[in-house]
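Q: Hi! Could you walk me through this one while I have the structure open?

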Amino acid sequence: MVPALALEDITVTFVSRDGARYTAIKGTTLQVAPGEFVSVVGPTGCGKSTLLNVAVGLLQPSAGRIRVFGEALAGLNRKAGYLFQTEALMPWRTALDNVTAGLEFRGVERGAAARQASAWLQRVGLGGFGARYPHQLSGGMRKRVALAQTLILDPEIILMDEPFSALDIQTRQLMENELLELWSANRKSVVFITHDLEEAISLSDRVVVLSAGPEAHPIGEFDIDLPRPRDVAEIRLAPRFMELHSLIWRAMKDEVLKSYAQQQKQQ
Amino acid sequence: MRSSRSSNKAALRFWQVVLFIVLLAIWHVATSPTLLPPFYFDNPHKAAFFFGEPLKVLARTWDWFSSGTIYPHLWVTLLETMLAFVIGTALGLAVGLWLALSPVASALLDPYIKALNSMPRVILAPIFAVWFGLDIASKVALGVTLVFFIVFFNVYQGVREVSYTVLANARILGASERQLLRHVYVPSAMSWVFASLHNSVGLAFVGAVVGEYLGSSRGVGYLILQAEGTFDINSVFAGILVLTAFALLLDWVVSLAESRLLVWQPRGGETEKM
């Protein structure tokens, strides 16, 4: 089967203005099957976001190839939706207009776009909030709008960069469950970046562990054989969850310590 | 809580009015030829000659409005202000967007922009009078040069400050370069333009009045110039009074427009967090 997204031997080297080089990612290969939910975990600063920016085409890799459903990627990845870690909604548009944005850019007629968008707002639990501006919504609500904004375009690949990391734990688990529900209704390929191992395990089919930067690369892949549908709060208590957690944590621990030591050195 | 705040506000308004009346009273007492003995000037009428008399200033203002002689002048001044404001804003917006999105043009023109902005542009008024005549065109041109730079710098800044994430998100959602301009750059720049609206309307007004003052046949600036020519100090003050009142009025209209158009911007205490 042709993978939905294939990163082949990706290396990303940043060159700063004073000529200093920093290789964030080195020789990374990652494949995501259609309909597969893959999480990438790793210590902070290991280049997880960089990897995602390469996958969506915002960043050109220094070496390596990206294939989307078998075709080499040139420019922006038109098959992908992207959920940002930070605020990405247009603050001058209402929630509804933010959700219609993608359709509008594609030339969908206004009325039809608005109808679709309000259906999506209903689906993410924001039925009555279409007329609100982003600043009038809570952090969790803004994430829901962003989710609707991305999913309304029905992308084949959904890239998520620590989308829930700024939310409090209850809101976060709520959002994780909603994400799983939306995803199982219409299975797309997902690459979910997080530094939270529990979040990664409870959501994914597969967890990829990245080494500490610089020159980050995958150091382990784990299939998550937990049954679906899952409740992210309950599944954390399952014995198999804990087994997987300690297994992956063992692989991750050295890298986390390494990254921590590097941060100490820099200070 | 609310009622105490609104009564505070009413009290504040009351004292502001009282202060205004007190200032007028001092002015009146100090300039009236009969109320006080002349303590500075040798002639009791000299104070009134130099500083005017508030009652006469108000009477003159009333005269202008009741007889209707002020209206054509006021209309010309306001028309010049509006034209200068609209043309200056449109030009500033267009050039600001162009330069902010075109690094080459921006680098090339940078010293010229800086030079033009540093130049005291009011001295262009005589040149504009030569180019455009003594009618409203020369005043509008002066106002435009004043408004343009304020809007231009704000648009330039606004485009530069567009959030990278918002921009990247719009791109990924499928926006073309044109759509980015219309749906991201312009709205972002507009918030900066509105922030400078008070300044630019004020300067458009300054451009109109100064232009009239330097040479014209109509307008409130012209009225003041005429009154000065005949040492009619009360009319000068009446002209200043009318200009101030209308500047305040314009400012109020701008505030109104601002609150209608910038509903999407958070204000203190309005944001809710979970």
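Q: Let's start with chain B: at roughly what angle do the axes of helix α3 and helix α12 cross?
A: The axes of α3 (residues 54-67) and α12 (residues 233-261) of chain B cross at roughly 65° and come within 8 Å. Axes here are lines fitted to C-alpha atoms, for helices over the stretch in contact, with angles running from 0 to 180 degrees between N-to-C directions. That makes α3(B) roughly perpendicular to α12(B); angles of 65 to 115 degrees get that label, under 35 is roughly parallel, over 145 roughly antiparallel, and the rest oblique.

Q: Before we go on, what kind of model is this, and how are things numbered?
A: This is a predicted model, where local features need pLDDT of at least 70 and side-chain atom pairs count only at pLDDT 80 or more, while totals for chains, interfaces and linings use all residues. Residues are numbered from 1 along each chain as its sequence is written, and chains are lettered from A and ligands numbered from 1 in the order in which they are written.

Q: And what counts as a helix or a strand?
A: They are DSSP runs, numbered from the N terminus: helices are H or I with at least four residues, strands are E with at least two.

Q: What about α6 and α10 in chain B, how do their axes cross?
A: At roughly 75°, with the axes of α6 (residues 125-132) and α10 (residues 197-214) coming within 10 Å. That makes α6(B) roughly perpendicular to α10(B). B:A125, B:P126 and B:A129 meet B:V210, B:G211 and B:L214 there, and the contact has five nonpolar, one polar and no charged residues.

Q: Switching to chain A, what is the strand order in the six-stranded sheet?
A: β6-β7-β8-β3-β9-β10, an open sheet with mixed pairing. Strands pair if DSSP finds at least two bridges between them. The edges are β6 (80-83) and β10 (218-223), and neighbouring strands are turned by 15° on average, direction ignored.

Q: How many bridges join β7(A) to β8(A)?
A: Five, between residues 157-161 and 189-194, and the two strands run parallel. A:M160 stands opposite A:F192 in β8(A).

Q: Which helix lies across β6 and β7 of chain A?
A: That's α4 (residues 139-151), running at about 170° to β6(A). The axes of α4(A) and α2 (residues 95-105) of chain A come within 7 Å and cross at roughly 25°, which makes the two helices roughly parallel.

Q: Last one: how many residues of chain B are in contact with chain A?
A: 19, against 24 residues of chain A. On the chain B side, α8(B) gives the most, with six residues.

Technical notes:
Contact = placed C-beta atoms within 7 Å. Nonpolar A, V, L, I, M, F, W, Y, C, P; charged D, E, K, R; others polar.
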